[in-house]
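Subject: Structure handover

Hello,

Here is the structure for your files. My notes follow below it.

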Amino acid sequence: MPVRISSPASSLEAGPSRKSQVHRAPASSEDEEDELIEEEGWTRDTFENRTISKNTTAAIPMLRGMMDKLKDVISRIEEGLDNAKETAVALEDSKQDEPSIAEVETAFFRALDQRQLLQIRIEILEDMINQLRAGEEYSDIESAYQEVVTTRETEYMAKSQRAKYKNLKEYADFRSALWEINHTTACPPVSQWLEKDADEESDDDDFDMGGATQSYKCPITLMLFKDATTSSKCGHNYSREAIMNLIDNMRKAKRASKCPVTGCSAILDKTDLKANPSLQKRADEFDRRQKRREEEKEEADETIALEDEEDFD
Ligand SMILES: [Zn+2]
């Protein structure tokens with residue numbers, strides 16, 4: 001699938017003909033995502049009539065500009081991934097195994113593919129910049145680039161769903177977010193939702209994402225998160241006030257403030273802590289679902305009790 005990429009051509013063409021790059025809201029539908037990528041198309045004259053290959057100083061900033069554009073598109077795709085996950089969660093919450101979740105998942109996979117294809121291009125550009133720095137000269141930089149892109153893209157697209165998504169954190173998050181709505185047990189490994197290929201018999205020993213239960217309890221207070229905060233050193237989460245107090249107390253006692261999670265030896269500083277509003281949001285939703293479930297159970301119990309009373313009459 002030839003995905004066209006952004007090019008810095010416009011920034012090289014000085015003057016009023018310069019096409020402005022429009023910043024758009026994150027793509028919310030498949031069509032918009034396609035459009036988004038097409039719009040930042042590579043034009044033929046990006047390279048034509050330029051002796052870029054002989055001029056490293058001109059080529060490097062140009063390739064860097066291309067990389068920045070690609071990174072920008074990737075961050076918008078990632079917003080789309082979050083939106084798709086939220087949509088799927090809302091559907092599952094309305095009805096277990098709601099069939100339209102499959103459509104959302106397909107869109108999620110497409111976005112993951114698009115991101116990966118752009119990631120491949122970024123790696124190739126990085127590589128070319130390093131080559132140019134090392135004194136390499138390209139007689140035709142566009143063809144050289146396109147050739148590697150085509151090879152790597154074809155390689156990626158030939159992979160099975162399992163090979164592509166099995167070890168992706170985003171897909172594990174997508175699946176466990178759905179799972180926890182109607183289950184209290186740990187989410188099974190994500191490979192169970194990905195078709196197995198005949199020639200992939202041997203990959204079952206590989207690392208497989210999933211299986212971990214997302215906990216919404218602070219390891220310090222043992223209560224639901226309050227102002228969920230994540231350590232950038234080890235990725236563990238805490239309630240903000242609890243971890244701040246812990247660090248303060250350790251400092252007063254002149255001891256290293258070790259991460260309170262069992263088995264974690266990260267030494268924390270307040271600058272390593274970052275608010276995690278999306279985790280807090282999921283914790284609140286989890287709490288809301290738990291409470292609703294309890295209420296439903298109480299109502300059901302009351303109904304049974306009433307029926308029992310009637311029986312005795
Ligand atoms: Zn930790």
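Does Leu-222 count as exposed or buried? Leu-222 counts as exposed, at 61% relative accessibility (buried is under 20% relative accessible area, exposed over 50%, partly exposed in between, with a 1.4 Å probe and protein chains only).

On conventions: this is a predicted model, in which local features need pLDDT of at least 70 and side-chain atom pairs count only at pLDDT 80 or more, while totals for chains, interfaces and linings use all residues. Residues are numbered from 1 along each chain as its sequence is written, and side-chain values use heavy atoms, with hydrogens and water left out.

Confidence: the protein chain has an average pLDDT (the predictor's confidence in each residue, from 0 to 100) of 79, and 74% of the residues score at least 70. The lowest mean, 38, belongs to helix α1 (residues 9–12), and the highest, 96, to strand β2 (residues 237–239). Helices (H or I, at least four residues) and strands (E, at least two) are DSSP runs, numbered from the N terminus.

Two stretches stay under 50 in pLDDT: residues 1–42 and residues 201–212. Beyond four places in sequence, the model has 78 contacts (heavy atoms within 4.5 Å) for residues 1–42 and 29 for residues 201–212. Where pLDDT is low, the predicted coordinates should not be read in detail.

Backbone: Leu-222 has a positive phi, near 60 degrees, and is not a glycine. Leu-222 lies in the loop between α7 (169–182) and β1 (228–231). Asp-97, also not a glycine, has a positive phi of about 55 degrees. Asp-97 sits in the loop between α3 (56–94) and α4 (101–133), and is exposed, with a relative accessible area of 59%.

Regards
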